[in-house]
Amino acid sequence: MFKKALDFLLDVTQTITVSLSIFVVIYLFLGRPTQVLGYSMEPSLGNNDRLLVESVSYRMGEPKRGDIVVVSRPVVENIDYVKRVIGVSGDNLIIKDCRVFLKNGDHQEALSENYLIPNTCTKGGSKIIEGEIIQIPSNFYLVMGDNREHSFDGRFFGLLPKSAIASRAIVRYWPMGKRKIF
């Protein structure tokens with residue numbers, strides 16, 4: 001009787017240990033849930049939307065323009081921000097005439113930002129000033145919210161090092177009617 005109870009206890013312990021190990025690996029390396037707080041990413045993401053984010057791809061590669069990312073505490077301790085990558089390493093950007101332009105020598109072209117509400121006006125901020133060319137150095141990025149008039153983003157806290165970009169959104173799973181893969 002004692003041996004059966006001991007065998008059962010060992011089986012339960014092994015099952016729990018393996019399950020927790022698998023959970024930790026998935027949570028740390030593959031995906032974890034996060035919640036959007038606020039309205040700075042509307043219309044793409046709303047307040048209280050739930051996302052599944054992953055942190056592996058940026059260990060092996062670089063963030064891309066248009067990626068929705070979780071930014072670790074750029075200003076306030078213990079508050080992560082969900083934003084969109086607008087400028088990547090090596091870009092020369094300029095904000096003018098309510099748009100973001102990619103500048104290449106004398107040629108400049110407005111970024112295609114089809115995720116914005118039509119006629120959205122992008123203005124400069126205290127760190128990224130309207131009309132000035134922003135040269136993005138290696139391993140730095142410019143992030144902004146999609147709701148440009150109501151977003152505290154890189155225009156106000158500046159460029160971010162790659163290390164500040166914690167993860168990339170891969171799917172919105174809540175609300176159920178708005179599920180989307182990014």
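The questions and answers below take up a surface patch, a strand, a cysteine and a group of rings.

Author: This is a predicted model, in which local features need pLDDT of at least 70, side-chain atom pairs count only at pLDDT 80 or more, and totals for chains, interfaces and linings use all residues. Residues are numbered from 1 along each chain as its sequence is written, and side-chain values use heavy atoms, with hydrogens and water left out.

Reader: Is Leu6 buried, partly exposed or exposed?

Author: Leu6 has its place in helix α1, residues 2–30; helices are DSSP runs of H or I with at least four residues, and strands are runs of E with at least two, numbered from the N terminus. Buried means under 20% relative accessible area, exposed over 50%, and partly exposed in between (1.4 Å probe, protein chains only). Because its relative accessibility is 40%, Leu6 counts as partly exposed.

Reader: Which strands pair with β4?

Author: Two strands pair if DSSP finds at least two bridges between them. Strand β4 (residues 81–87) is mostly covered, with seven of its seven residues buried. Tyr81 in β4 is the bridge partner of Val71, and Leu142 in β9 is that of Gly87. The antiparallel pairings of β4 are made over four bridges with strand β3 (residues 68–71) and over three bridges with strand β9 (residues 140–144).

Reader: Which residues does Cys121 touch, not counting those up to four places away in sequence?

Author: Cys121 lies in the loop between β7 (107–110) and β8 (133–135), and its relative accessibility of 12% is why Cys121 counts as buried. Contact means heavy atoms within 4.5 Å. With residues up to four places away in sequence left out, Cys121 touches Cys98, Arg148 and Glu149.

Reader: How is the ring pair of Phe152 and Phe156 classed: stacked, tilted or edge-to-face?

Author: Rings of Phe, Tyr and Trp (its six-membered ring) pair if their centres lie within 6.5 Å; planes under 30 degrees apart count as stacked, over 60 as edge-to-face and the rest as tilted. A search of the whole structure finds four aromatic pairs. The rings of Phe152 and Phe156 have centres 6.0 Å apart and planes at 15°, so this pair is stacked.

Reader: Which residues do ring pairs link into a cluster?

Author: Phe152 is partly exposed, with a relative accessible area of 38%, and Phe156 also counts as partly exposed, at 30% relative accessibility. The cluster linked by ring pairs consists of Tyr81, Phe152, Phe156 and Phe157.
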